[in-house]
Amino acid sequence: MTEQALRVNQGLWDEWTLIHERSAFYDLEGFRQGGVRVQPYEIEEVGDVAGRDLLHLQCHFGIDTLSWARLGARVTGADFSAQAIELATRLAADLGLGARFVRSDLYGLPDALEGEFDVVYTSRGVLGWLPDISRWAQVVSHFLKPGGTFYITEIHPVVQAFENEGVAAGELRLQYPYWEHEQPLAFDVVGSYADRSAQLQTPTEYTWNHGLGEILTALIDAGLRIESVREFPGWTGSWTSWSVMRMGSGAYRLRSPVSCRCSSRSSP
Ligand SMILES: C[S@@+](CC[C@H](N)C(=O)[O-])C[C@H]1O[C@@H](n2cnc3c(N)ncnc32)[C@H](O)[C@@H]1O
């Protein structure tokens, strides 16, 4: 079931990439004009990346990866969507930004990519697509140089346990597992988070939840030292389509991110 679910998700992400390329949400034309799409808090928490080798896991079509390139990093992005990697590669060439993009499933990446990195980065909407958080953490650790930094900013795992569709603003309906589960959750695909009206051929998406303790323990077990874990009170970025989180003041409660910075334990 897991392999089949991952295959379906891969096809869905290929479809979504074509939609996202044209979406106002990603504003690709704006990005082509210049600027950096990673958030100021990420830049502050990751630190200066100039001249550092950075690996972006689940990079989608690369505009965050290329933002790090604009900040001076030597970047590599990896994702399992062929459409995403094709678009990322084309975008980097169009913009004259040095970047390498690799198509691979997250768990197969150690067989598809050589080398170690000063920074391993991943963000916003990544862990829910992965069935096994311990194996994910081992992949992170595999690519980290001794003394290197791993940074993740992600939807808070608590949020994933609540129903997001068909609920009123402020209504909290506990619906889904908080801890990791073997069978994927199956959801009807309704457009994409970037364009709810988009028509798609893939009818179902499959996701997995993981608790915050499971995520942090997986990283520790994989040999990382946790330096900071920040839970933010509200989401100030552009992800505003989920009804349950709207609180009326422009802030989106519960739709909160969490960020974690780790270093490789074998740091000098
Ligand atoms: C929500 S996007 C990441 C968002 C990114 N921060 C952005 O806004 O562009 C999630 C990415 O994970 C990728 N993905 C999902 N499951 C994967 C897997 N098993 N292996 C590798 N990539 C995967 C998808 O193709 C997609 O590009």
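A: A polar contact is a pair of N or O atoms within 3.5 Å. The model discussed here is predicted. In it, an oxygen atom of the ligand lies 2.5 Å from an N or O atom in the side chain of Asp79, so this pair falls within the 3.5 Å limit for a polar contact. The side chain of Tyr26 also has an N or O atom facing a ligand oxygen, at 3.1 Å. With Ser123 the backbone takes part: one of its N or O atoms is 3.0 Å from a nitrogen atom of the ligand. The ligand taken alone exposes 600 Å², and the protein buries 98% of that.

The shell around the ligand has 18 residues, and the closest are His60, Asp79, Asp105, Leu106 and Ser123. By kind, the shell divides into 7 nonpolar, 6 polar and 5 charged residues.

Tyr26 also has a part in ring packing. Across the whole structure, a search finds 16 aromatic pairs. For Tyr26 and Phe61, the ring centres are 5.0 Å apart and the planes stand at 65°, so the pair counts as edge-to-face; the cut-off for that class is over 60 degrees. Tyr26 belongs to the loop between α1 (2-21) and α2 (28-33), while Phe61 belongs to the loop between β1 (53-57) and α4 (63-70), so the pair ties together parts that are 35 residues apart in sequence.

The structure holds 1 cavity of 30 Å³ or more, and the largest cavity has about 170 Å³ of space. Its lining consists of 17 residues, of which Leu127, Glu154, Ile155, Pro157 and Ile215 are the closest to the centre. At least two lining residues come from each of β5 (144-155), α8 (157-160), α9 (212-221) and β9 (257-264). Of the lining, α9 supplies the most, with 4 residues. Sorted by kind, the lining of the largest cavity has 11 nonpolar, 5 polar and 1 charged residues.

How values were computed. Residues are numbered from 1 along each chain as its sequence is written. This is a predicted model: local features need pLDDT of at least 70, side-chain atom pairs count only at pLDDT 80 or more; totals for chains, interfaces and linings use all residues. Side-chain values use heavy atoms; hydrogens and water are left out. A residue is near a molecule or strand if one of its heavy atoms lies within 4 Å of it. A polar contact is a pair of N or O atoms within 3.5 Å; within protein, one must be able to donate a hydrogen and the other to accept it, and residues adjacent in sequence count only if both atoms are side-chain atoms. Accessible areas come from the Shrake-Rupley method with a 1.4 Å probe; for residues, only the protein chains shown count as cover. Ala, Val, Leu, Ile, Met, Phe, Trp, Tyr, Cys and Pro count as nonpolar, Asp, Glu, Lys and Arg as charged, and the others, Gly among them, as polar. On a 1 Å grid over the protein atoms alone, a cavity is a set of points where a 1.4 Å probe fits but cannot get out, and a pocket is an open set with protein on both sides within 12 Å along at least five of seven lines; lining residues have an atom within 4 Å of a point. Grid points are joined across faces, edges and corners, and a volume is the space filled by probe spheres set on the points. Rings of Phe, Tyr and Trp (its six-membered ring) pair if their centres lie within 6.5 Å; planes under 30 degrees apart count as stacked, over 60 as edge-to-face and the rest as tilted.
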